[in-house]
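Hi everyone, thanks for making the time. Please have a look at the model on the screen while I walk you through a few places in it.

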Amino acid sequence: MMTGFAISEYPNVSQVYSDLRRLVKLPIRSIRKEEMQRIIDSYFGEKCKQSKAMIDTASAFIPGGVQHNLAFNHPFPLVFTQAKGAYLYDLDGNEYIDFLQAGGPTVLGSNPQIVREKVIELLNTTGPVTGLFHEYEYKLAEKIVQLVPSVEMFRMLGSGTEACMASIRVARLATQKKNIVKMGGAYHGWSDQLAYGIRIPGSRHFEAHGVPRSIFKYTQEFYPNDLNSLESVLKKNRFFGGTAAVIMEPIGPESGTRPLDFNFNKAVRELCDRFGALLIFDEVVTAFRIGLSGAQGYFGVSPDLTVFGKVVAGGYPSAGGLGGKKEFMKFVSAGLQTGAKKALIGGTMAANPLSSLAGYITLCEMEKSNACERAGRAGDRLTNGLKKLIAKYELPFVAFNQGSICHLETVATMLLDINLKKFWTIWKTISEAKKRKHAMEEMGAAYMSEGLVTLAGSRLYTSAEDTDEIIDEALLRFERVFQKVEGVKFNS
């Protein structure tokens, strides 16, 4: 076990895939129909009336009634009014254990007092933004450079999407090559060129609605855990403009939903060196959650560029940034420097005083309190408890974790595969994915009715606020949901 990291034991990747493949082959098992109707009627219908009314009103002004990708929409989004530590509270006064944690950034727990107090102090003096330099821009950048070994310089941006966009522009300038190769199934924001091969490896442009296919002329994907797939693309690219960069999440696409073999990152690093491509780690989720030195610190692999998001602003807005070696970061320099060509990037609200201060205070507090390890222990306890419940009720579900990033797969929607040799079957795969997504939504709604907020009903982030007592209470609630699954024999 490596100290300082959230991961106490790396998952047995081959066993995880074996279990997931078995799950995909089995019929979908979700909540029994009569139980699902009871949940919708008695919980959402009776206990969430104010949320329903507000969403109905909002739908007249907001497409779909909600604006956040992480919002859980089945049977309708709930309206949350308070976040505190391990808990969330909705408009109707219902309390929830928060395993969404804003999609991952709040490793300290939601709305920590020490950060909030400093933010209020700053709002009373500087205000949230001036458009000019503030001392916490420097303090945050210095802190990240201190914590992440591969990062010699850091530039803050508005989001992870912006940071991913900046990273591929820098790579092209630095290498004078054209192609960007991404790991299939990964989400690197919603920019045109990276909206390729998302969710399901091999899906190419099929989920990129509104993006002309010609945009992807210089974008390719490779399969997770498949070095031959990557090498094949790199070899081909030598004759078509070369490869500027390989971009990937170091624990696997979709926050490790398809986990990578422990040594895979090292092998990718070697391939990038062989073919003269930069290695970009997208650590939007993993940086400062796997450990203060990121997933790259855990795996002992040094990327050329690192994409940051989420926790870099401590859960406050404008959370994104790019870090890396000085020879590459010179391409994103601001100000009046002349000489080298610079990547076209910007952001009026980037590195604002509020976000910079919040990020700096958050990282300092995480360092003092061993927050990554504490959140990781909670993730272990939660995952081990879920495994016991799965076995107890003889369910085909799969639970595994990378520290405080926990996966509970009940239908394995993102584990579907597309056979490129039979590419005409892609529509069948996408149709199957939609059916499985609905089953995920039903499970997520059932969790919500028991006071458990998850990410899409299949991913859970633990925080340093999750005590043993909170995790044990959560497991009791998960058990009540599992008792409602089709085929489970349970006598109350």
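Let me begin with a term. A polar contact here is a pair of N or O atoms within 3.5 Å; within protein, one must be able to donate a hydrogen and the other to accept it, and residues adjacent in sequence count only if both atoms are side-chain atoms. A quick word on the source too: this is a predicted model, where local features need pLDDT of at least 70 and side-chain atom pairs count only at pLDDT 80 or more, while totals for chains, interfaces and linings use all residues. Residues are numbered from 1 along each chain as its sequence is written, and side-chain values use heavy atoms, with hydrogens and water left out.

Now to Asp304. You will find Asp304 in the loop between helix 10 (294–299) and strand 9 (305–309). When I say helix or strand, I mean DSSP runs numbered from the N terminus: H or I with at least four residues for helices, E with at least two for strands. The side chain of Asp304 makes a polar contact with the side chain of Arg269, at 2.9 Å. A polar atom of the Asp304 side chain also lies 2.8 Å from the backbone nitrogen of Leu279.

Is Asp304 buried or exposed? Asp304 is buried, because its relative accessible area is 8%; the cut-offs are under 20% for buried, over 50% for exposed, and partly exposed in between, with a 1.4 Å probe and protein chains only. If we leave out residues up to four places away in sequence, Asp304 touches several residues, including Ala277, Leu278, Gly323, Gly324, Lys325 and Phe328. Touching, or contact, means heavy atoms within 4.5 Å.

Next, Cys164, which sits in helix 6. Cys164 has a relative accessible area of 1%, so Cys164 counts as buried. Beyond neighbours within four places in sequence, Cys164 is in contact with His188, Leu194, Ile247, Asp282 and Val307. From C-alpha to C-alpha, Cys164 and Gly189 are 7.0 Å apart in space, and 25 residues apart in sequence.

For another pair, go to Leu123 in helix 4 (residues 113–123). Leu123 is partly exposed, because its relative accessibility is 40%. How many residues apart along the chain are Leu123 and Leu354? They are 231 residues apart, yet their C-alpha atoms are separated by 7.5 Å. Leu123 touches Leu354, and also Pro128, not counting residues up to four places away in sequence.

Now some backbone features. His74 and Pro75 are joined by a cis peptide bond, with omega about -5 degrees. Pro75 lies in the loop between helix 3 (49–58) and strand 1 (80–84). Gln176 is not a glycine, but has a positive phi of about 60 degrees. Gln176 is in the loop between helix 6 (160–175) and strand 5 (179–183), and is exposed, with a relative accessible area of 65%. Phe288, not a glycine either, has a positive phi of about 70 degrees. Phe288 belongs to the loop between strand 8 (278–282) and helix 10, and at 0% relative accessibility Phe288 is buried.

Finally, helix packing, with helix 14 (residues 426–449) as our example. The axes of helix 14 and helix 15 (residues 468–482) come within 9 Å and cross at roughly 130 degrees. Axes are lines fitted to C-alpha atoms, for helices over the stretch in contact, and angles run from 0 to 180 degrees between N-to-C directions. Helix 14 and helix 15 are therefore oblique to each other: under 35 degrees counts as roughly parallel, over 145 as roughly antiparallel, 65 to 115 as roughly perpendicular, and the rest as oblique.

Which residues meet there? Met443, Ala446 and Tyr447 in helix 14 meet Phe478, Val481 and Phe482 in helix 15. By class, the residues of this contact are six nonpolar, no polar and no charged. For those classes, Ala, Val, Leu, Ile, Met, Phe, Trp, Tyr, Cys and Pro count as nonpolar, Asp, Glu, Lys and Arg as charged, and the others, Gly among them, as polar.

Helix 14 also packs with helix 2 (residues 33–47): their axes come within 10 Å and cross at roughly 40 degrees. Met36, Ile39, Tyr43 and Phe44 of helix 2 make this contact with Glu442, Ala445, Ala446, Met448 and Ser449 of helix 14. Here the classes are seven nonpolar, one polar and one charged.
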